[in-house]
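Student: Can you walk me through this one? I have the sequence and the structure open side by side.

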Amino acid sequence: MKILLTGSSGIIGKNLAKTLRAYGHIVTTHSLRDCWGPYQENIDFSLIDWHYLLRDIDVVIHLSAFAHSCFRLSPHNISQIYSLNTIASLQLALHSAIFGVKKFIYFSTSNICDSQSSLSSNCFPSLKQSASSLYADSKYKSEQFISTLAEHYPSTNYAIIRPSLVYGPTCKGNFKILLRLLSLPLPLPLKSLRFKRNFIYIENLSHVIHEMCCRDRLEHLTYDAFDTDQPCFGEFLDLISKELHRKSLIFPVNPILSSLILKVLRLSPLLSRVLTSSPGDRESLYTLLDIDQPITTREAVHLTARVWKRKSASL
């Protein structure tokens with residue numbers, strides 16, 4: 001199967017390209033960032049040869065995005081994020097249908113699930129919004145466009161993936177925050193946080209995308225990507241600590257007192273970036289696709305910790 005993958009330079013993209021090729025798919029990559037127009041504000045779509053890009057392609061996987069962690073808010077950056085995350089996504093999704101691509105898989109964000117009501121009322125981006133909310137809004141608008149295209153171009157099978165926090169040996173970003181928390185020589189009142197925070201192991205995500213590519217047709221438009229055997233947040237941190245052979249300094253405490261302690265330690269902003277997006281009553285993509293989770297959370301943490309320990313020993 002011939003697959004066009006955008007965003008292949010990122011952590012998820014690199015792993016996905018490697019996995020798809022291992023399964024025998026022919027994967028070509030493309031960077032929309034190479035098509036910025038004057039002053040780097042908007043993508044110049046006249047630079048893209050859509051026929052050459054999409055010729056003989058069976059599946060398009062659109063990962064490329066301008067992440068909220070990559071910029072400081074300014075009118076210039078707001079223009080960039082909507083140009084790449086929204087307009088470019090629409091153009092690629094539309095031309096995929098025009099040139100007969102069988103399947104279009106779009107990577108969105110699970111943050112949409114937590115702030116959908118505020119996003120739906122947000123018509124004009126503003127510097128008063130946070131970078132993360134602008135990122136989610138740009139993705140939400142893309143989802144709306146793709147949903148409309150799915151109705152008008154039924155011959156192209158559109159699917160939207162909302163990945164939760166992705167972790168693995170090479171992952172950075174929010175997952176490193178967990179490591180920073182665990183490495184602090186302070187007792188942390190986190191065991192009282194009994195909720196489940198969404199995670200998905202990077203190898204599980206890549207395997208599921210392969211499964212989606214191989215299906216004749218996907219029956220659903222939107223898929224929430226998270227592992228289903230996830231323990232509660234405190235237990236997950238304790239599991240990581242044990243695999244890293246670190247003495248766990250996590251203890252249970254009243255939630256109100258826990259919040260106060262975290263504020264005193266100035267850890268609330270740090271922790272809030274990790275604690276967003278709980279499963280709620282949404283179904284995992286494993287359920288919707290009727291497949292088993294390939295690698296258990298316990299095994300995934302073990303494999304991840306083994307690589308971390310090897311890297312730490314080599315420093």
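Tutor: Start with a term: contact means heavy atoms within 4.5 Å. Among contacts in the protein chain between residues at least 6 apart in sequence, 84% join residues at least 24 apart. This is a predicted model, where local features need pLDDT of at least 70 and side-chain atom pairs count only at pLDDT 80 or more, while totals for chains, interfaces and linings use all residues. Residues are numbered from 1 along each chain as its sequence is written, and side-chain values use heavy atoms, with hydrogens and water left out.

Student: How many helices and strands does the protein chain have?

Tutor: The protein chain has 13 helices and eight strands. Helices (H or I, at least four residues) and strands (E, at least two) are DSSP runs, numbered from the N terminus.

Student: And what percentage of the residues count as buried?

Tutor: Of the 315 residues of the protein chain, 51% count as buried. Buried means under 20% relative accessible area, exposed means over 50%, and partly exposed is in between (1.4 Å probe, protein chains only).

Student: What is the strand order in the open sheet?

Tutor: The open sheet has six strands in the order S2-S1-S3-S4-S5-S8, with parallel pairing. Two strands pair if DSSP finds at least two bridges between them. S2 and S8 (222-225) are the edge strands, each pairing on one side only. From one strand to the next, the twist averages 20 degrees. Angles run from 0 to 180 degrees between N-to-C directions, and axes are lines fitted to C-alpha atoms, for helices over the stretch in contact.

Student: How many bridges join S1 to S2?

Tutor: Five bridges join S1 to S2 (residues 26-30), and the two strands run parallel. Four of the five residues of S1 (residues 2-6) are buried, so S1 is largely enclosed by the rest of the structure.

Student: Where does Lys 2 sit, and what does Lys 2 touch?

Tutor: Lys 2 is in strand S1 and stands opposite Ile 26 in S2. Lys 2 and Ile 26 are 24 residues apart in sequence but 4.8 Å apart in space, C-alpha to C-alpha. Not counting residues up to four places away in sequence, Lys 2 touches Ile 26, Asp 56, Ile 57, Asp 58 and Val 59. Lys 2 is partly exposed, with a relative accessible area of 35%.

Student: At what angle do H1 and H8 pack?

Tutor: H1 (residues 11-22) and H8 (residues 202-214) pack at about 55 degrees, with their axes 9 Å apart. That makes H1 oblique to H8; angles under 35 degrees count as roughly parallel, over 145 as roughly antiparallel, 65 to 115 as roughly perpendicular and the rest as oblique. Residues in this contact include Ile 12 and Leu 16 in H1, and Leu 205 and Ile 209 in H8.

Student: Now Phe 199. Is Phe 199 buried or exposed?

Tutor: Phe 199 is buried, with a relative accessible area of 1%. Phe 199 is in strand S7 (residues 199-201). Among the residues that Phe 199 touches are Phe 175, Phe 226, Phe 233 and Phe 236, with residues up to four places away in sequence not counted.

Student: Why is H9 described as largely enclosed?

Tutor: H9 (residues 233-243) is largely enclosed by the rest of the structure because nine of its eleven residues are buried. Phe 233 and Phe 236 are among those buried residues. Just after H9, His 245 takes a positive phi of about 60 degrees.
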